[in-house]
Amino acid sequence: MNYVTAEDYLCFYAILEMIIEDMTGQKIDQNILAEHFGIKVPQHYQTDLINVSRTSEDYELGAFIDAAEINSYFVYNNLNIDMEYKGVEKISECNVEQQLNRMFKTNEYLIAGISYGVLYNIPECREVGHCTLIENIIGEDADIYDPGPKDSGKKRIKIEHLYEAMRIRNGGFFIFNKRN
């Protein structure tokens with residue numbers, strides 16, 4: 001996989017760029033994806049992107065992902081990929097490790113939508129959404145790729161901590177497979 005560092009507020013699109021290239025061989029830059037689907041940025045943030053809305057709320061920053069819209073994009077661009085979303089409310093807290101392990105083994109890619117502040121223990125960023133790519137499950141740990149932009153790279157975290165970051169943000173998993 002060709003790892004990409006996200007530009008500000010483009011963590012989901014950076015990982016999507018990586019997945020598209022890995023699954024299809026086509027490179028579609030995170031900025032092109034962001035321009036197509038749109039992002040929210042802080043009120044006074046400077047960007048060259050046009051499809052941008054502005055907000056003063058941390059919980060609104062970045063991409064808000066609609067599975068049907070992403071899948072339509074895949075079909076329109078002849079990308080043999082399907083995405084589905086599984087919200088945290090559909091994951092039982094009592095056996096998170098087993099459920100995540102099952103999802104990891106039966107799907108090609110999993111992106112976790114989480115709270116950046118909870119994942120990295122930064123209370124003032126608790127409302128900020130973030131995405132990481134789950135690369136491996138080892139017992140009670142998950143190996144992730146965090147696209148950044150700050151401190152991008154591979155990390156190992158406790159699954160229970162990942163789940164908590166997902167629960168606080170009311171996030172979930174974006175699940176990618178080849179389209180049938």
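## Pocket lining and a helix pair

The lining of the largest pocket divides into 17 nonpolar, eight polar and five charged residues. The model is a predicted one. The volume of this largest pocket is about 630 Å³. It is lined by 30 residues, and those closest to its centre are Cys11, Leu61, Val128, Gly129 and His130.

Helix 1, strand 4, strand 5 and strand 8 each give at least two residues to the lining of the largest pocket. Strand 5 provides the largest share, three residues. The table gives the residue ranges.

| Element | Residues | Supply to the lining |
|---|---|---|
| Helix 1 | 11-24 | at least two residues |
| Strand 4 | 109-115 | at least two residues |
| Strand 5 | 129-138 | three residues |
| Strand 8 | 172-178 | at least two residues |

Next, the helix pair. Two packed helices are described by the angle between their axes and the distance between the axes. Here helix 2 spans residues 30-37 and helix 3 spans residues 67-76. Their axes come within 12 Å and cross at roughly 120 degrees. Helix 2 is therefore oblique to helix 3. The crossing of helix 2 and helix 3 is right-handed.

Which residues make the contact? Helix 2 contributes Leu33, His36 and Phe37, while helix 3 contributes Glu69, Ile70 and Tyr73. By class, the residues of this contact of helix 2 with helix 3 are four nonpolar, one polar and one charged.

Key: Residues numbered from 1 in each chain as written. Predicted model: local features only at pLDDT ≥ 70, side-chain atom pairs only at ≥ 80, totals over all residues. Heavy atoms only, no water. Axes fitted to C-alpha atoms, helices over the stretch in contact; angles between N-to-C directions. Helix = DSSP H or I, 4+ residues; strand = E, 2+ residues; numbered from the N terminus. Parallel < 35°, antiparallel > 145°, perpendicular 65-115°, else oblique. Left-handed = near helix turned anticlockwise from the far one by under 90°. Contact = heavy atoms within 4.5 Å. Nonpolar A, V, L, I, M, F, W, Y, C, P; charged D, E, K, R; others polar. 1 Å grid on protein atoms, 1.4 Å probe; cavity = no way out; pocket = protein on both sides within 12 Å on 5 of 7 lines; lining within 4 Å. Points joined across faces, edges and corners; volume = space filled by probe spheres on them.
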